[in-house]
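Welcome! Take a look at the sequence and the model, then follow the notes below.

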Amino acid sequence: LRPARAVVPAHRASGGTAGNAAPNAQSGPCIVLSCSGAFCRHARILPCIRHSSMTPTSLPGAPFFAYREGALFVEDVRLADVAREHGTPVYVYSQAAMLAALGASQRGFEGRKVQICYAMKANSSLAVLQLFARQGCGFDIVSGGELQRVLAAGGEPSKVIFSGVGKTRAEMRQALQAGIGCFNVESESELEVLNDVATSLGQRAPVSIRVNPNVDPKTHPYISTGLKGNKFGVAHERTVATYQRAAALPGLRVVGIDCHIGSQITEETPYLDAVDRMLDLVRDIEAAGIPIHHIDFGGGLGINYNGDAPPAADALWTKLLAKLDARGYGDRQFMIEPGRSLVGNAGVCVTEVLYVKPGEQKNFCIVDAAMNDLPRPAMYQAFHAIVPLRAATPANGGEHLYDVVGPICESGDWIGRDRRLAVQPGDQLAVLSAGAYCSSMGSNYNTRARPAEVLVNGGQAHLIRSRESVEDTFRCEKLAP
Ligand code: LLP
């Protein structure tokens with residue numbers, strides 16, 4: 001095996017978009033996380049998170065994911081017990097972590113009129129939707145399929161907002177018939193089509209226009225959505241004219257304004273800038289005689305993948321609301337569309353080490369989860385911390401640097417690079433911060449059946465999705481005659 005080096009690999013990006021380094025890639029009592037490259041502006045020192053002495057607060061997902069006497073727990077359930085019962089790979093979620101994250105956003109809006117619309121693309125498991133629906137949440141959807149899921153989970157259609165640049169007529173009809181709360185319209189041509197569909201149903205569709213404020217969210221380019229070059233929203237300069245058109249169309253009813261500038265945002269400035277630009281527009285639109293009932297700030301708040309320290313949701317919203325108060329808009333109806341920040345740190349993916357393969361340039365730790373289960377590293381060079389279910393002890397043997405990779409036949413199938421681990425075949429690892437955009441972006445590539453999903457509440461572990469069978473993966477297929 002290539003020995004573990006005491007150096008931090010040179011390239012690594014922040015904001016959950018880092019490939020090449022790990023909290024556990026540094027020997028000694030502390031981990032140095034340095035950032036470089038296009039999306040990195042910081043060097044950070046984290047508290048010690050070596051497994052043997054991991055502090056409860058240093059683990060992404062803490063305190064809901066924490067070591068107790070050397071075993072990794074989710075709430076009061078030992079992850080190894082979940083793996084034994086349901087096999088690996090398996091996604092495991094903490095209900096308390098989700099509720100705590102939601103609570104932070106709710107606190108930020110205390111005393112205000114707010115509708116939190118969970119952006120369900122982050123994790124669209126029915127039980128997760130049900131949990132948020134029971135807390136009074138609405139949903140931000142981007143397809144007719146997502147609407148069907150919301151309804152199946154007991155969500156209220158009137159609290160649903162429909163975003164996305166490519167809504168089909170069939171989806172518009174479906175959403176109008178269900179009675180959703182608002183369409184976030186992303187282009188002038190979409191306005192015309194929605195007007196057409198609504199008129200044909202004898203309805204008036206409630207609409208917001210999604211504004212593209214041309215603000216840099218300082219995140220990975222693939223998840224940046226509020227810049228001029230992005231496909232999303234209506235250009236700032238075109239917004240008033242677009243509202244005038246919407247107000248003139250008989251099948252539409254203007255209800256709000258909307259903005260979403262990107263995802264995994266770890267600074268508050270882009271939000272504050274976007275709000276300023278949006279409020280300028282509210283002023284201009286209302287001056288043109290079109291009342292704006294609600295203001296939707298979108299989602300995008302980041303989470304901790306790699307020592308990232310995004311603003312706390314309550315602090316962010318409080319600050320934002322102060323700005324709104326100062327400009328006289330504090331008593332409006334507000335909406336937010338958080339996805340990742342409600343679920344990302346609330347989930348892990350447990351995987352088993354299949355093989356350890358030493359190499360001249362790299363050691364590989366081959367696990368049973370792969371890019372079909374955890375697509376973010378392959379898609380965005382994203383960083384997920386990887387820790388053992390059983391904390392390392394001297395008896396585990398020496399630590400070595402590994403690339404943690406899956407069984408899929410692509411070199412892009414990696415889950416973590418240059419990770420310091422003491423592992424043997426049969427050991428189990430937890431890939432952290434896997435509650436958002438993992439299961440929901442999963443696929444069956446290489447005819448790999450999807451993992452089971454388990455929702456933990458205190459000491460109870462509920463199976464919320466059975467492991468798929470291989471037959472399930474080709475259920476819709478037919479042999480040619
Ligand atoms: N609203 C709209 C209109 C969105 O497009 C999104 C995410 C959200 C809300 C929720 O954003 P969040 O709070 O989750 O950041 N697959 C990528 C993230 C894609 C985000 C797409 N839009 C990833 O794994 O990083």
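This is a predicted model: local features need pLDDT of at least 70, side-chain atom pairs count only at pLDDT 80 or more; totals for chains, interfaces and linings use all residues.

Let's begin in a loop: Pro89 sits between α1 (79-86) and β6 (90-94).

**Backbone features in loops**

- A cis peptide bond also runs from Ala62 to Pro63, where omega is near 5°.
- To find Pro63, look in the loop between β2 (43-46) and β3 (65-68).
- Glu75 has a positive phi, near 45°, although Glu75 is not a glycine.
- You will find Glu75 in the loop that links β4 (71-74) and β5 (77-78).

**Two packed helices**

- In general, a pair of packed helices is described by the angle between the axes and by the distance between them.
- Here, helix α6 (residues 188-200) packs with helix α7 (residues 239-248) at an angle of about 10°, and their axes are 10 Å apart.
- Angles under 35 degrees count as roughly parallel, and α6 and α7 are therefore roughly parallel to each other.
- On the α6 side, the contact is made by Glu188, Leu191 and Glu192, while α7 contributes Thr242, Arg245 and Ala246.
- Sorted by class, this contact of α6 with α7 has three charged, two nonpolar and one polar residue.

**Around the ligand**

- The ligand is surrounded by 19 residues, and the closest are Ser263, Glu337, Arg376, Tyr380 and Tyr437.
- By class, the shell around the ligand has seven polar, six nonpolar and six charged residues.
- In the side chain of Glu337, an N or O atom is 2.6 Å from a nitrogen atom of the ligand.
- Tyr380 also takes part through its side chain, with an N or O atom 2.7 Å from a nitrogen atom of the ligand.
- Gly300 takes part through its backbone: an N or O atom there lies 2.8 Å from an oxygen atom of the ligand.
- How much of the ligand does the protein bury? Taken alone, the ligand exposes 590 Å², and the protein buries 92% of that.

Methods. Residues are numbered from 1 along each chain as its sequence is written. Side-chain values use heavy atoms; hydrogens and water are left out. Axes are lines fitted to C-alpha atoms, for helices over the stretch in contact, and angles run from 0 to 180 degrees between N-to-C directions. Helices (H or I, at least four residues) and strands (E, at least two) are DSSP runs, numbered from the N terminus. Angles under 35 degrees count as roughly parallel, over 145 as roughly antiparallel, 65 to 115 as roughly perpendicular and the rest as oblique. Contact means heavy atoms within 4.5 Å. Ala, Val, Leu, Ile, Met, Phe, Trp, Tyr, Cys and Pro count as nonpolar, Asp, Glu, Lys and Arg as charged, and the others, Gly among them, as polar. A residue is near a molecule or strand if one of its heavy atoms lies within 4 Å of it. A polar contact is a pair of N or O atoms within 3.5 Å; within protein, one must be able to donate a hydrogen and the other to accept it, and residues adjacent in sequence count only if both atoms are side-chain atoms. Accessible areas come from the Shrake-Rupley method with a 1.4 Å probe; for residues, only the protein chains shown count as cover.
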